[in-house]
Amino acid sequence: MASESPDVVVAPPLVENGGAESSNEKQEQLESELSKKLEISEDGKEENDEEEGSKAEASTKKKKKKNKSKKKKELPQQTNPPSIPVVELFPSGEFPEGEIQQYKDDNLWRTTSEEKREAERSEKPIYNSVRQAAEVHRQVRNYVRSIVKPGMLMTDICETLENTVRKLISENGLQAGIAFPTGCSLNWVAAHWTPNSGDKTVLQYDDVMKLDFGTHIDGHIIDCAFTVAFNPMFDPLLAASREATYTGIKEAGIDVRLCDIGAAIQEVMESYEVEINGKVFQVKSIRNLNGHSIGPYQIHAGKSVPIVKGGEQTKMEEGEFYAIETFGSTGKGYVREDLECSHYMKNFDAGHVPLRLPRAKQLLATINKNFSTLAFCRRYLDRIGETKYLMALKNLCDSGIVQPYPPLCDVKGSYVSQFEHTILLRPTCKEVLSKGDDY
């Protein structure tokens, strides 16, 4: 198909009687008009080229600006080893939720209740604080799990863990920090053991170590524990307490009786067997160790969650925090106090008690300032510069102001494993605050 060409000009036919001159004049006139058209078209092209160039330049600048803005929006990544405070990793100030589990049976209505949703909105600042503590716990334990190995001093493990907590939680007196001493109980020691200063205990390949540590923001505590064992023959023992803990979490809920949770935990725990050095043991729930409710600045807030059947008929209530923890043992399944004490805690309900020893008064002032009713250990007193305090500490214990918590041990030669999570019974659902990708 042919197309028109706007630049071709057709000359008119020649006319007689002077037609040649007029023809020449017309020819010149046409040529001048044609050249003007060409100039105009070239000018137009130049203008278009300039406009296109300026547009391209502007779009390039916009792209650069967009790239810069994208870089600004990128969130900082945690270092290895962890050193960036968690609050800087979440500049919005909103911290991630734990694992959400829906209520069941008679509490199903809570999920869609607008009244219960409104109750949750009013508690959002508290939820956010405890979620921050939970995020710190997750990041610290992931790091510690990656570096712990046989041959390490127990003191080094604890101090590495605690210093990492202090960094990530932006330690700030009683507003943010460690909630209680790092328990790193070995083998038949079930709980409440941490090395005192000068302890030279070394972690061995055949050890079963319970790592139990806590974090808090404004007194809102995350209490969470796991077990480390390098020898795979202990895997069934660890699986028993881990699955028993998950069962306790699943059974927990508003209006649930504590004794029912204990019965469910024991059934799962004691369905496991473990073969150690050719001998088979049924895993037992330690009947005198429990989970517990948690309050602000109060690790044990009054309610106990048994891990065997036959416990209290008391019910869980809306808004409560609980540490669901289980202990599986190859021993008698019963613990007693033994070994040198390291854990202490000021009694939550201790009123004014007159003290005669000036050194005891001074030590109490130090405890009030640095720990209040949160648990502490002798290493923590050493760290803040206290010396020669054992007599004063004994006086505070004898006066009932401070409670000692010696290590809790099953029979020597046995092995104990532990897993623990902190849960929140929200009005609309159950939140496993400390749940992570690891357990």
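Predicted model: local features only at pLDDT ≥ 70, side-chain atom pairs only at ≥ 80, totals over all residues.
## The largest pocket

Let's start with the largest pocket, which holds about 510 Å³ of space. It is lined by 31 residues, and those closest to its centre are Ala191, His192, His292, His300 and Glu325. Strands β2, β3, β4, β9, β11, β13 and β17 each give two or more residues to this lining. The largest share, 5 residues, is from β2.

Sorted by class, the lining has 13 nonpolar, 12 polar and 6 charged residues.

## Salt bridges

The count of salt bridges in the model is 21. One of them joins Glu135 to Arg138, with 2.9 Å between the closest N and O atoms. Both Glu135 and Arg138 are buried. These two sit 3 residues apart in helix α4, so about one helical turn separates them. An α-helix has 3.6 residues a turn, so residues three or four places apart point the same way.

Lys303 pairs with Glu317, again by a salt bridge, at 2.9 Å between the closest N and O atoms. This pair links distant parts of the chain, 14 residues apart: Lys303 is in the loop between β9 and β10, and Glu317 is in the loop between β10 and β11. Lys303 counts as buried at 14% relative accessibility, whereas Glu317, at 45%, is partly exposed.

## Helix α6

Helix α6 covers residues 235-251 and reaches 24 Å from its first C-alpha to its last, close to the expected 24 Å. Its buried residues include Leu237, Leu238, Ala244 and Ile249.

Definitions and conventions
Residues numbered from 1 in each chain as written. Heavy atoms only, no water. Helix = DSSP H or I, 4+ residues; strand = E, 2+ residues; numbered from the N terminus. Expected span 1.5 Å × (residues − 1). Buried < 20%, exposed > 50% of the residue type's maximum accessible area, 1.4 Å probe, protein only. 1 Å grid on protein atoms, 1.4 Å probe; cavity = no way out; pocket = protein on both sides within 12 Å on 5 of 7 lines; lining within 4 Å. Points joined across faces, edges and corners; volume = space filled by probe spheres on them. Nonpolar A, V, L, I, M, F, W, Y, C, P; charged D, E, K, R; others polar. Salt bridge = Lys/Arg side-chain N within 4 Å of Asp/Glu carboxyl O.
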